[in-house]
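The following questions and answers go from the overall dimensions of a model to the surroundings of one side chain.

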Amino acid sequence: MVPFACMAQQRPPATPVIMTPELTKVVIDTLSKALIASYVFTDKAQVMSKYLHGQLAKGAYRNIKDPQAFAEQVSDDLQTACPDLHMGFRFNPQLAKMGPPPMRGPDPHQDSLRNADMAERNFMFTAVEILPGNVGYVKFNGFVDPTPSAIQTVTAAFRFVQHTKTLIIDLRENHGGSPAMVKQVLSYFFAEKTRVNDIIVPNRRDTSKGWTDPTATDGILLRMPVYVLTSSQTVSAAEDLSYAMQATKRGTIVGEKTAGGSHPVGPVFLGHGFVAGIPFAHTYNIHTGTEWEGTGVIPEIALKAGASLDEVNSTLFPNSWYANQQKAVDRPVDPTVVQAFLGTYEGGLEFYVKDNALYCKNPERGGQVFKLRYISPGFYQLDENVQVKFGQQQGTASGMQFYWSDGNISFKPKTQ
């Protein structure tokens, strides 16, 4: 589900076509008939048709001679009459000349070329990593067709983060794509076959029910809490995933309200170099009884789209290891306050004060000396991997807790 604007990225070269009153009327009439025949909601198609003919009668197009300018004005008028992000109207003789694709079986050569192109772009996956605190992070900027190679890439990405405690999926720059790939991605998050978003084509009285498929994930099941990052640019198939995760309560949406475009679109060739992108279907979620067209997916946690990963982590996990690392500062110590912390701990770790700072000599790191950074009373950043909390008890032993960046916790008793 890609907005129609994405179907013609390059402006076609100059053309000798001139808009005359006769041609303008022919195009408006043809577009109106196409809307009524194909648009997802017949009543709204009638509204758009009436509005376009009203504009024609008022002379709104009379002085427009350039077909590009005419197409832009008509496109604006369509949005005025019935806002729909997937609706579009273009003057594109090259695309129009190609016409509808022929009704034939798969073309192995073309499929191979498309797959090679997507492979060069890593099937739109741009980042897969483990953040401090054992937080998984996956970012992808589109939903490609679920070819075997694409599915292998998706599976590899989620296999890498399957043992993390929490997962962040970043869709802030994702502009949509294949609904089938949305179902593939969702399948990694549900142990049972689960109904998500349906696609309904009213004019054909056809409903394609959206189900996850746990058998399509190579045995990977992601059970951890999931946060989905969104922006106002998150649209179409990216909203499909976000809405499904939210509606099934499988994920929490974090960021900005999404664009609000849910209607699948297809090209309609109108002649004279004009092509319309007309939404022919709508989505429906059985859990909410509606869709996200025009409203967008509303986040549970508001966050600006430009937030860095540091800001994301601090927002989602305010008391996490990662957030505490951001809080750590150099701060002079009062020897009388930290006196109880000083001494030697298991493993030979020696804590002492020098020049109003707290230090640790660590034999386990080859005798390296680390200057501790203050987080809160009795709580310090020791090095890049460990935070320590003094004055802890385990049974009858007193000592300190080690908080590791991977989420593990260990206890080191004080030996002297």
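**Overall dimensions and one residue**

Q: What box do the C-alpha atoms of the protein fill?
A: This is a predicted model, in which local features need pLDDT of at least 70 and side-chain atom pairs count only at pLDDT 80 or more, while totals for chains, interfaces and linings use all residues. Residues are numbered from 1 along each chain as its sequence is written, and side-chain values use heavy atoms, with hydrogens and water left out. Taken along the principal axes, the box is roughly 95 × 45 × 40 Å.

Q: Is glutamine 55 buried or exposed?
A: Glutamine 55 lies in helix H2, residues 42-58, where helices are DSSP runs of H or I with at least four residues, numbered from the N terminus. Buried means under 20% relative accessible area and exposed over 50%, with partly exposed in between (1.4 Å probe, protein chains only). Because its relative accessible area is 9%, glutamine 55 is buried.

Q: With which side chain does the side chain of glutamine 55 make a polar contact?
A: A polar contact is a pair of N or O atoms within 3.5 Å; within protein, one must be able to donate a hydrogen and the other to accept it, and residues adjacent in sequence count only if both atoms are side-chain atoms. At 3.0 Å, the partner of the glutamine 55 side chain is the side chain of lysine 58.

Technical notes: Helix = DSSP H or I, 4+ residues; strand = E, 2+ residues; numbered from the N terminus.
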